[in-house]
Amino acid sequence: MTVSPLAQPLAAPQEHQYVLTLGCPDSTGIVAKLSNFLAEIGGWITEAHYFSDAESGWFFTRQSIRADELGISLAELREGFGQLAEELGPNVTWKISDTNVLKRGVILVTRESHCLQDLLGRIAQNDYPMDVACIIGNHPDLEPLARAHGVPFHHIPFPKDAVGKRRAFDAVAELVNAENPDVIILARFMQILPPDLCEMWSGRAINIHHSFLPSFMGARPYHQAYKRGVKLIGATCHYATQDLDDGPIIEQDVIRVSHKDTPQDMARLGRDAEKQVLARGVRWHLEDRVQVYGNRTVVFN
């Protein structure tokens, strides 16, 4: 396993916290049970979010507690919280993460650099909770940028034929899985992930689409938007699924345009939205602020 030189402590160390997330069937008394559990172990809550979805009948929460105030270990916390989760019904999802442990990411790229450069710049400034294990590109164009930031770069050419492309994806998967990342970022990768990789990386593969989905899916969205005469363009950060550009949406933003803007103008303006939206979406994923249910998300931001 390769450790990037970008794996540095934050310039201003944050308070050590444990983050607890939970999704379960909604019922009376869940908040009381959570509060009692945390009170009994000395949990000092620094942030708490709740959401009850009436349509699905599902309850979601994210809790942050001071790690140094607990009288039990992280392992004991996970054991106790797991027992509580089992009492809340079937198909419960839960997780506890340690903010002192940096999340690992792998970034997939092609030729466009704006999203990659933005992410690496944030990390270089010690302003992003992620260590980039490696960058994988289907073209070698961005290797100098990766090298400048001390991140390993792997070039995997993608032939146009189906067999060659499948072999290339297998090579990418081998590199990604070797790093066991918390997130796989498609930073304008411009290749459609095969269904099996979407399934393997479900809830971890994050794509930036240069359009305000669900409008203008697929290729050349700015040209599609120009022909339609839109007055707003945007970008969408979403989880990659086997349904192209239709995965659960994490974050979106828009920029106003006019009849004077060409497709090239729209693409230039859109790049600003893309890097901002991707950066926010990935950050919220890394901070365990996103919970997926069906094809929707709860984002406690």
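Predicted model: local features only at pLDDT ≥ 70, side-chain atom pairs only at ≥ 80, totals over all residues.
Which residue in the turn of the hairpin formed by β12 and β13 has a positive phi?

1. The hairpin. The residue in question is G294, whose phi is about 65 degrees. Two residues lie between β12 and β13 in this hairpin. The strands themselves, β12 at residues 290-293 and β13 at residues 296-299, run antiparallel and are joined by four bridges.

2. The largest nonpolar core. This core comprises 33 residues, and the members that touch the most other members are I107, I135, I185 and L278. At least two residues each come from β5 (103-109), α3 (114-124), β6 (130-137), α4 (143-148), β8 (183-186), β9 (205-209), β10 and α8 (263-286). The greatest contribution is from α8, which provides seven residues. As general background, nonpolar side chains in soluble globular proteins tend to be buried together.

3. Surroundings of I135. Setting aside neighbours within four places in sequence, I135 is in contact with I107, V109, L116, L120, A146, V151, P152, F153 and H154. I107, one of these contacts, is also listed with I135 among the residues that touch the most other core members.

4. Cysteines. How many disulfides does a search of the whole structure find? The search returns zero. For C134, the nearest cysteine sulfur is that of C115, 18 Å away, and C134 is in no disulfide.

5. L232 and strand β10. L232 is found in β10, which spans residues 232-239. Is L232 buried or partly exposed? Its relative accessible area is 43%, so L232 is classed as partly exposed. When neighbours within four places in sequence are left aside, the contacts of L232 are V254, I255, R256 and V257. N207 stands 25 residues from L232 along the chain, and their C-alpha atoms are separated by 21 Å. The strand β10 itself is one of the elements that supply at least two residues to the core described in point 2.

Notes: Residues numbered from 1 in each chain as written. Heavy atoms only, no water. Disulfide = S-S within 2.5 Å. Pairing = 2+ DSSP bridges. Buried < 20%, exposed > 50% of the residue type's maximum accessible area, 1.4 Å probe, protein only. Contact = heavy atoms within 4.5 Å. Core = buried A, V, L, I, M, F, W, Y, C linked by side-chain atoms within 4.5 Å.
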